[in-house]
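Open your viewer and keep the selection tool ready. This tour goes stop by stop, and each stop says what to select and what is there.

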Amino acid sequence: MEIKSTYKLSYTLDKEPKDLILIIELKQVEGIPKKYQNVWEGFATLNGQPYTEVNLSHCVNAKTAVERIGKMLKSDLKFDAQSQGHSFKVKKEEIK
C-alpha cells in the first residue's frame with residue numbers, strides 16, 4: 001500500500017512547455033470509522049490546487065490512483081488540444 005504518490009507530466013502545447021503535477025495522499029479518517037467505512041481517505045492536488053473531480057473516499061493505494069487519474073488527465077489534455085487544432089506533445093511522464 002502506497003500512502004503518497006506523484007504523477008508528473010511535462011508536455012508542450014503549441015511549442016510552449018507546460019507541466020502538470022498531480023499528488024495523491026492517503027490520510028486516516030478522523031474519529032471512529034462507521035461500519036463498512038474505509039479507514040483511509042484520499043486527497044488530491046493538481047498543480048497545487050485541491051482536485052475534487054474524482055471521488056477518492058475508497059482509495060487504498062495512492063500509486064494506482066495517481067496513475068489512473070494522471071492518464072485520464074493526459075488523454076483529456078490531448079483530446080482538447082486536438083479538437084482546438086493545437087499541437088500537443090508529451091516530453092516526460094513520471095510516476096513516483
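## Stop 1: Phenylalanine 88

Select phenylalanine 88. Leaving out residues up to four places away in sequence, phenylalanine 88 touches Tyr11, Thr12, Leu13, Lys74, Leu77, Lys78 and Ala81. A contact here means heavy atoms within 4.5 Å. Phenylalanine 88 belongs to strand 5, residues 88-95. Helices (H or I, at least four residues) and strands (E, at least two) are DSSP runs, numbered from the N terminus.

Is phenylalanine 88 buried or exposed? Its relative accessibility is 18%, so phenylalanine 88 counts as buried. The cut-offs are these: buried is under 20% relative accessible area, exposed is over 50%, and partly exposed is in between (1.4 Å probe, protein chains only).

The C-alpha atoms of phenylalanine 88 and glutamine 37 are separated by 41 Å, and the two residues are 51 apart along the chain.

A word on the model before moving on. It is a predicted model, in which local features need pLDDT of at least 70, side-chain atom pairs count only at pLDDT 80 or more, and totals for chains, interfaces and linings use all residues. Residues are numbered from 1 along each chain as its sequence is written, and side-chain values use heavy atoms, with hydrogens and water left out.

## Stop 2: The ring pair

Keep phenylalanine 88 and select tyrosine 11. How many aromatic pairs does a search of the whole structure find? The search finds 1 aromatic pair. The ring centres of tyrosine 11 and phenylalanine 88 are 5.3 Å apart and the planes stand at 35°, so the pair is tilted. Rings of Phe, Tyr and Trp (its six-membered ring) pair if their centres lie within 6.5 Å; planes under 30 degrees apart are stacked, over 60 edge-to-face, and the rest tilted.

Tyrosine 11 sits in strand 1 and phenylalanine 88 in strand 5, so the pair ties together parts 77 residues apart in sequence. Both tyrosine 11 and phenylalanine 88 are buried.

## Stop 3: The sheet

Switch to the cartoon view. The chain has 1 helix and 5 strands. Along the sequence the pattern reads β-β-β-β-α-β.

Which order do the strands take in the sheet? The open sheet of 5 strands has the order 4-3-2-1-5, with antiparallel pairing. Strand 4 (49-50) and strand 5 stand at the edges with a single partner strand each, so one side of each has no neighbour in the sheet. Two strands pair if DSSP finds at least two bridges between them.

Select strand 1 (residues 4-13) and strand 2 (residues 16-28). They run antiparallel and are joined by 10 bridges. Tyrosine 7 has leucine 22 as its bridge partner in strand 2. Glutamate 25 stands opposite phenylalanine 43 in strand 3.

## Stop 4: The turn

Select aspartate 14 and lysine 15. Aspartate 14 lies in the loop between strand 1 and strand 2, and lysine 15 is found in that loop too. The hairpin has 2 residues between the strands.

Check the phi angles. Most residues other than glycine have a negative phi. Aspartate 14 has a positive phi of about 55° although it is not a glycine. Phi of lysine 15 is also positive, near 65°. Aspartate 14 is partly exposed, with a relative accessible area of 41%. Lysine 15 is exposed, at 77%.

## Stop 5

Select leucine 22. In strand 3, its bridge partner is leucine 46. Beyond residues up to four places away in sequence, leucine 22 touches several residues, including Tyr7, Leu46, Tyr51, Ile69 and Leu73.

Now select the core. The largest nonpolar core has 19 residues, and Leu20, Leu22, Ile24, Tyr51, Leu56, Ile69 and Leu73 have the most contacts inside it. Strand 1, strand 2, strand 3 and helix 1 each give two or more residues to this core. Helix 1 gives the most, with 6 residues. A nonpolar core is a set of buried Ala, Val, Leu, Ile, Met, Phe, Trp, Tyr and Cys residues joined through side-chain atoms within 4.5 Å.

## Stop 6: Glutamate 67

Finish at glutamate 67, in helix 1. At 35% relative accessibility, glutamate 67 counts as partly exposed.
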